[in-house]
Amino acid sequence: MSKLAIDALRAERQLVLDLAATLNPADWETPSDCAGWRVQDVIAHMAATFHGIADPSSNGDGDPGTNDAEKLAEIPVGVRRSWSSADVLSEYSEWSAKAIDALASMQEPPLADMVIPLANLGSHPMHILANALVFDHYCHLRHDLLAPHGPLERAELASDDLRLRPTMDWMLAGLPQMCADALRVVDRPINLVFSGPGGGQYTLCPAAPEDEFTRLVNGVDPSSAATVESTAHDFVCWGTQRRSWRDLGVKVTGDVDYAALVLDAINVI
């Protein structure tokens with residue numbers, strides 16, 4: 001299950017509250033590195049997500065008109081765009097605590113194993129929702145809000161196994177489904193080796209005849225067409241296409257052209 005993700009979420013929640021306490025009015029209005037969102041909008045997004053988990057009725061019951069997770073995320077942000085920063089922070093503080101408790105209750109069967117559809121993110125067991133929220137926080141805080149890519153000059157945040165293990169679990173679980181069409185370029189195995197906290201070794205393999213998606217298996221394949229090496233922390237950045245893998249020191253050996261096709265196809269949400 002994803003009990004580590006619950007501990008990580010509590011830690012990440014505190015980072016958001018600590019960061020918010022340092023923000024002045026201009027900081028809240030500053031554009032983040034998440035296109036179209038201010039710093040306040042990023043925190044409003046995280047607040048709305050928590051609110052929707054703890055109180056699904058807050059999401060409304062109408063047809064949103066889209067199955068695209070990024071467009072769906074924009075809807076509650078738009079609703080909150082005129083809110084004060086104090087109201088956004090109040091919603092985050094209240095509903096993050098309630099949602100984390102709700103997510104903790106999903107870490108044991110039968111809820112933990114119940115597979116639910118998550119728009120174009122694919123279908124996943126309920127216990128991994130906590131991982132998805134850790135990923136969301138890790139990515140937004142470190143790559144959208146704080147320098148060097150974000151606008152806020154603050155001390156570097158922790159990038160340890162507590163945060164990166166659940167983050168990577170979500171990214172790797174979601175990769176085959178989120179990038180299903182783009183990953184049709186995978187016609188030979190390719191090794192993905194992640195170092196540092198949250199690291200591990202995997203092989204991305206072509207879909208078997210009976211499978212709909214490419215397969216990600218533990219361990220490396222010595223006969224793979226190429227091997228890709230990156231830190232897990234950097235993968236959060238280039239694996240979401242916030243920055244190109246070419247600019248983040250990713251090492252590729254073997255068939256470099258083939259590896260480039262595969263890496264360009266990866267876009268985890």
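**View 1. Pro 76 is partly exposed, with a relative accessible area of 25%.** Here buried stands for under 20% relative accessible area, exposed for over 50%, and partly exposed for what lies in between, using a 1.4 Å probe and protein chains only. This is a predicted model, in which local features need pLDDT of at least 70 and side-chain atom pairs count only at pLDDT 80 or more, while totals for chains, interfaces and linings use all residues. Residues are numbered from 1 along each chain as its sequence is written, and side-chain values use heavy atoms, with hydrogens and water left out. Pro 76 belongs to helix α4; helices (H or I, at least four residues) and strands (E, at least two) are DSSP runs numbered from the N terminus. Look across to Gly 52, 24 residues away from Pro 76 in sequence: the two C-alpha atoms are 9.7 Å apart in space.

View 2. Ala 69, Ala 73, Val 77 and Arg 80 are the buried residues of α4. An α-helix has 3.6 residues a turn, so residues three or four places apart point the same way. On the face turned away from the buried side, you will find the exposed residues Lys 71 and Val 79. The cover over the buried residues includes α3 (39-54) and α5 (85-104).

**View 3. Asp 68 caps the N-terminal end of α4.** A side-chain oxygen of Asp 68 sits 2.9 Å from the backbone nitrogen of Glu 70.

View 4. Setting aside neighbours within four places in sequence, Asp 41 is in contact (heavy atoms within 4.5 Å) with Gly 36, Val 77 and Arg 81.

**View 5. The largest pocket holds about 1600 Å³ of space.** Of its 48 lining residues, the closest to the pocket centre are His 45, Thr 49, Ala 69, Leu 72 and Ala 73. On a 1 Å grid over the protein atoms alone, a pocket is an open set of points where a 1.4 Å probe fits, with protein on both sides within 12 Å along at least five of seven lines, and lining residues have an atom within 4 Å of a point. Grid points are joined across faces, edges and corners, and the volume is the space filled by probe spheres set on them. Helix α4 gives the most to this lining, with 9 residues. α3, α4, β1 (115-117) and α6 (129-145) each supply at least two.

**View 6. Two cis peptide bonds sit beside prolines in loops.** Pro 109 and Pro 110 are joined with omega of about 5 degrees, and Pro 110 is in the loop between α5 and β1. Ala 147 and Pro 148 are joined with omega of about 20 degrees, and Pro 148 is in the loop between α6 and α7 (161-178).

**View 7. Ala 119 and Gln 241 have positive phi without being glycines.** Ala 119, with phi of about 50 degrees, lies between β1 and β2 (123-125) and is partly exposed at 30% relative accessible area. Gln 241, with phi near 60 degrees, lies in the loop between α8 (232-238) and β7 (251-254) and is partly exposed at 44%.

Notes
Polar contact = N/O pair within 3.5 Å; in protein donor to acceptor, adjacent residues only side chain to side chain.
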